[in-house]
Amino acid sequence: MSIVAIVGRPNVGKSTLFNRLVGMRKAIVDDTAGTTRDRHYGTSDWNGREFSVIDTGGYALGGEDVFEEEIRKQVLLAIDESDVVIFMVEVATGITDLDMVVADLLRRSAKKVLLVVNKVDNNDQIYGSHEFYALGLGDPYCISTMSGSGTGDLLDAVVAALPEDSEAEGFEELPKFAIIGRPNVGKSSLTNALLDSERNIVTPVAGTTRDSILTRYNKFGMDFYLIDTAGLRKKTKVTEDLEFYSVLRSVRAIESSDVCILMLDASQGIESQDMNIFSLVVRNKKGCVIVVNKWDLIEKDNNTMKEFAEAIRYRLSPFSDVPIVFTSVPNKQRILEVLQTAMQVYYSRIRKIPTSQLNEYLLPIIEETPPPAIKGKYIRIKYVTQLASPTPSFAFFVNLPQYIKEGYRRFLENKIRERWDFTGVPLQIFFRQK
Ligand code: GDP
Ligand code: GDP
């Protein structure tokens, strides 16, 4: 998916615009129950075209004191990592020094830039926008993120500027795995262990979307692409310590993948940053394998692994049906199992269950435990079918879909998981009017 970044100095209205763009999709995004929404990254769509939006200000900058250096970082990240940059200024203040800094950086990049003059709350203020031509970034789009006026034209321009969503041909059929996780968990070590040992049968392939490097791996009957995030990392000189950057790197790897191999450090357990990455995986509806690495550092008895797995699943809940593999990269312990598990998740994710099987199994269960009646109205589920979509999605046809509660949705999801192996695969369940 293409990425749109919003840049600009503080208080011009970036996060208000971000919320407006992502808010349009809130209902759909929140379908994935239990995922915590990240404030600065979300998905939007306009006229049927989906794209990711990042409020870079939200990540890179702290309080009110903004130094030129910080805004430079923010803009360089946006240039590096996005497809389209929205540069936001504010009509009443005119052009400030920081605006000039941003404009200079953007003009020197080859990136597609849309100049947005915000807080044009009434028509009179449009005249004030003329001075921004001096930034040398073309026609400004006048908007009021507060009222929403002008945002339609802006979105038309954003969509027109997005590159084609080009999944290069031939890449589609093979599984794509991304190794993700926070810094120092062992991602590069695992990648190298996999690739080095198989050096002679590895073929690097030039990137598909946004120059991520795909490496084809073909051994032991497994044929797949590994998305090389280490390659992405070297693209910029910007310091590594920005959480923003590691999140962005994960976002891009996740979006290009079918199954994410999320690595944790056993000596540190599962932390909130791990959970953020996990919720990105779930929100993007990708398959997931959890790898608890550095297992060699843990003192173990017979129950340690089981207890570890339980503690992790507790944190991942409600989506806790996820495979967990315990590894030690230097000892080459269970490295192959990681790949085999990812492969299983991949095949579960693309599986299509025949409608007859779904109904034969689920209708009796629904008859036995129907959705609770609401306001004296009986809710009847007539039949269920799996939709044609990249991730398993089931539509239940109902007389009164609006009355089905989250608890019942989860009940049906659990029943599906009991019958078919969807371990590591987020499921979507829709209720539709019959
Ligand atoms: P950010 O720091 O760039 O993310 O800016 P915010 O989105 O937090 O907005 C800063 C302030 O400007 C907030 O008080 C907003 O309510 C206000 N604001 C945002 N958009 C508009 C607008 O279109 N018109 C007016 N009058 N105020 C706005
Ligand atoms: P990345 O930032 O996630 O790519 O992490 P690296 O692969 O660079 O690993 C960070 C550090 O952890 C390096 O010093 C590795 O040698 C070390 N490391 C990686 N895997 C293991 C492991 O399974 N056990 C131990 N003890 N150390 C590991």
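This is a predicted model: local features need pLDDT of at least 70, side-chain atom pairs count only at pLDDT 80 or more; totals for chains, interfaces and linings use all residues.
User: How do the residues of the shell around ligand 1 divide by class, and what makes a residue nonpolar, polar or charged?

Analyst: The shell around ligand 1 divides into 3 nonpolar, 9 polar and 3 charged residues. Ala, Val, Leu, Ile, Met, Phe, Trp, Tyr, Cys and Pro count as nonpolar, Asp, Glu, Lys and Arg as charged, and the others, Gly among them, as polar. As for labels, residues are numbered from 1 along each chain as its sequence is written, and chains are lettered from A and ligands numbered from 1 in the order in which they are written.

User: Which residues are the closest to ligand 1, and what makes a residue near a molecule?

Analyst: The closest are Gly-13, Lys-14, Ser-15, Thr-16 and Met-146, out of 15 residues that surround ligand 1. A residue counts as near if its C-beta atom, placed from the backbone, lies within 6 Å of the molecule. Helix α1 (residues 14-23) gives the largest share of this shell, 3 residues.

User: What does the shell around ligand 2 look like by class, and which residues come nearest?

Analyst: Here 15 residues lie around the ligand, and Gly-186, Lys-187, Ser-188, Ser-189 and Lys-294 come nearest. By class there are 5 nonpolar, 7 polar and 3 charged residues. The largest share, 3 residues, comes from helix α7 (residues 187-197).

User: How many helices and strands are there, and what makes a stretch count as one?

Analyst: The chain has 14 helices and 16 strands.

User: Why is Phe-396 called buried?

Analyst: Phe-396 has 23 C-beta neighbours inside 10 Å. The cut-off for buried is 20 or more other C-beta atoms within 10 Å, with 12 or fewer making a residue exposed and anything in between partly exposed; C-beta atoms are placed from the backbone. So with 23, Phe-396 counts as buried. Across the 434 residues of the chain, 39% count as buried.

User: Where is Phe-396 found, and what does Phe-396 touch?

Analyst: Phe-396 is found in strand β15 (residues 393-398). Leaving out residues up to four places away in sequence, Phe-396 touches Ile-381, Val-384, Ile-429 and Phe-431. Touching, or contact, takes C-beta atoms within 7 Å, again placed from the backbone. Phe-431 is also the bridge partner of Phe-396 in β16.

User: How do you know that β15 and β16 pair?

Analyst: DSSP has to find at least two bridges between strands for them to pair. There are 6 bridges joining β15 to β16, which run parallel. They belong to an open sheet of 3 strands in the order β14-β15-β16, with mixed pairing. The edge strands, β14 (381-386) and β16 (428-433), each pair on one side only.

User: Why is strand β11 called largely enclosed?

Analyst: Because 7 of the 7 residues of β11 (residues 259-265) are buried, the strand is largely enclosed by the rest of the structure. Both faces are covered, with Val-259, Ile-261, Met-263 and Asp-265 buried on one side and Cys-260, Leu-262 and Leu-264 buried on the other. As for partners, β11 pairs in the parallel sense with β7 (residues 176-180) over 4 bridges, and 7 bridges join β11 to β12 (residues 287-293), also running parallel.

User: What makes a set of residues a nonpolar core, and which members touch the most others in the largest one?

Analyst: A nonpolar core is a set of buried Ala, Val, Leu, Ile, Met, Phe, Trp, Tyr and Cys residues joined through C-beta atoms within 7 Å. The largest one has 104 residues, and Phe-87, Ile-261, Leu-262, Val-289 and Val-291 touch the most other members. Beyond four places in sequence, the contacts of Phe-87 include Val-7, Val-102, Leu-115 and Leu-137.

User: How many bridges join β1 to β4, and which helix lies across both strands?

Analyst: The count is 4 bridges between β1 (residues 3-7) and β4 (residues 84-90), which run parallel. Helix α4 (residues 68-81) lies across both, running at about 165° to β1. Such angles run from 0 to 180 degrees between N-to-C directions, with axes fitted to C-alpha atoms, for helices over the stretch in contact.

Definitions and conventions: Two residues are in contact if their C-beta atoms, placed from the backbone, lie within 7 Å. Helices (H or I, at least four residues) and strands (E, at least two) are DSSP runs, numbered from the N terminus.
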